[in-house]
Amino acid sequence: MYHHLATRFGRNSHQISGREALDNEALHRHVPSVFAREAHDSRSERYVYVPTIEIVEGLRREGWFPFFAVQAVPRDGTRHGHAKHMLRLRRDDGIGKSEAAEVIIVNSHDGTSAYQMFAGVLRFVCTNSMIAGERFEEVRVPHKGGIQDQIIEGVYTVAEDFPRLIDATEAMKETRLSRDEQQVLAEASLVARYGEEESPVRPDQIIAPRRREDVGQNLWQTFNVIQENLIRGGLDGRRQTTDGRIRHSRTRPINGIDQNIGLNRALWTLADGMRRLKGA
């Protein structure tokens, strides 16, 4: 049995992560939809079904291993065993490094998702994974035709972006931001998180580090602090109600798969844009 497993059960997701690769027993216990034996009965005969675990086994043979998995908890209980899930896979060669490049795979067996693959960077100090934005490769494989080889090929297509991804992170570490620039990045990030709604927290709250390693003013540190504060939540906030009263609250963590990916990619795009602007 692998050690150092961390699990989280939220209202709309179940997740598990480990410092060592997750085995099938751990995956089955926490993300059963990975093992669905057939597509949800709402799917037509044209729907090509390949269990995610078959993809995982194929990737293990190629040297890719899952270290994190999360499954959505659908409102329709009949879809629980087929629900959308996300896996983060990497090669087990990150020992002694502060970051590791990952392939993120998203799928479902109930028609709510094609196979999707993105590039990401795991930061070991907080086990958060940053998902690269639109300038990096994204592969989608619909549930039709001979998809198993397409998916594994897609993983390698995404992995071709790893050198560019690592170069971007190193450039962010070399990019120093003024306090005003940090504030601007925080303001844009709050728009990415809350849209047109009034943000319950101030920009200075989401650039406040949670740990000593994140104290500093380079772009990589700032981006990581913003990402962790918005994804993990737990910040004290306040909103003004329509009748003018102030309502105190605490920001919620981002547990939903689609929201996590969308916000992560938006934050990366903002940080990468700042990097290119500062390097121009």
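Where in the chain is the place of proline 200? Proline 200 sits in the loop between H5 and helix H6 (203-206), in a predicted model for which local features need pLDDT of at least 70 and side-chain atom pairs count only at pLDDT 80 or more, while totals for chains, interfaces and linings use all residues. Residues are numbered from 1 along each chain as its sequence is written, and side-chain values use heavy atoms, with hydrogens and water left out. The protein chain comprises eight helices and ten strands, taken as DSSP runs numbered from the N terminus (helices are H or I of at least four residues, strands are E of at least two).

**Overall burial and contacts**

- Of the 280 residues in the protein chain, 50% count as buried, where buried means under 20% relative accessible area, exposed over 50% and partly exposed in between (1.4 Å probe, protein chains only).
- Among contacts in the protein chain with a separation of 6 or more, 63% are between residues 24 or more positions apart, a contact being heavy atoms within 4.5 Å.

**Surroundings of proline 200**

- Proline 200 has a relative accessible area of 7% and is therefore buried.
- When neighbours within four places in sequence are left aside, proline 200 is in contact with Tyr194, Gly237, Arg238, Arg239, Ser249 and Thr251.
- Histidine 248 is 48 residues from proline 200 along the chain, and their C-alpha atoms are separated by 8.5 Å.

**Packing of H5 and H7**

- The axes of helix H5 (residues 179-194) and helix H7 (residues 219-232) come within 11 Å and cross at roughly 30°, which makes H5 roughly parallel to H7.
- Here the axes are lines fitted to C-alpha atoms, for helices over the stretch in contact, with angles from 0 to 180 degrees between N-to-C directions; angles under 35 degrees count as roughly parallel, over 145 as roughly antiparallel, 65 to 115 as roughly perpendicular and the rest as oblique.
- On the H5 side, Gln182, Leu185, Ala186, Ser189, Leu190 and Arg193 meet Leu219, Thr222, Ile226 and Leu230 of H7.
- By class, this contact of H5 with H7 has six nonpolar, three polar and one charged residues (Ala, Val, Leu, Ile, Met, Phe, Trp, Tyr, Cys and Pro count as nonpolar, Asp, Glu, Lys and Arg as charged, and the others, Gly among them, as polar).

**Aromatic pairs**

- Five aromatic pairs are found in a search of the whole structure, where rings of Phe, Tyr and Trp (its six-membered ring) pair if their centres lie within 6.5 Å, and planes under 30 degrees apart count as stacked, over 60 as edge-to-face and the rest as tilted.
- Tryptophan 64 and tyrosine 156 form an edge-to-face pair, because their ring centres are 6.1 Å apart and their planes are at 85°.
- This pair links distant parts of the chain, 92 residues apart, with tryptophan 64 in the loop between helix H2 (52-61) and strand S3 (65-72) and tyrosine 156 in helix H3 (residues 147-159).
- Tryptophan 64 counts as buried at 3% relative accessibility, whereas tyrosine 156 is partly exposed at 30%.
- Phenylalanine 136 and tryptophan 268 are likewise edge-to-face, with ring centres 5.9 Å apart and planes at 85°.
- Ring pairs link Phe136, Trp220, Phe223 and Trp268 into a cluster.

**Aspartate 272 in helix H8**

- Aspartate 272 lies in helix H8 (residues 257-279) and counts as buried at 2% relative accessibility.
- Beyond its neighbours within four places in sequence, aspartate 272 is in contact with Arg135, Phe136, Ala168 and Met172.
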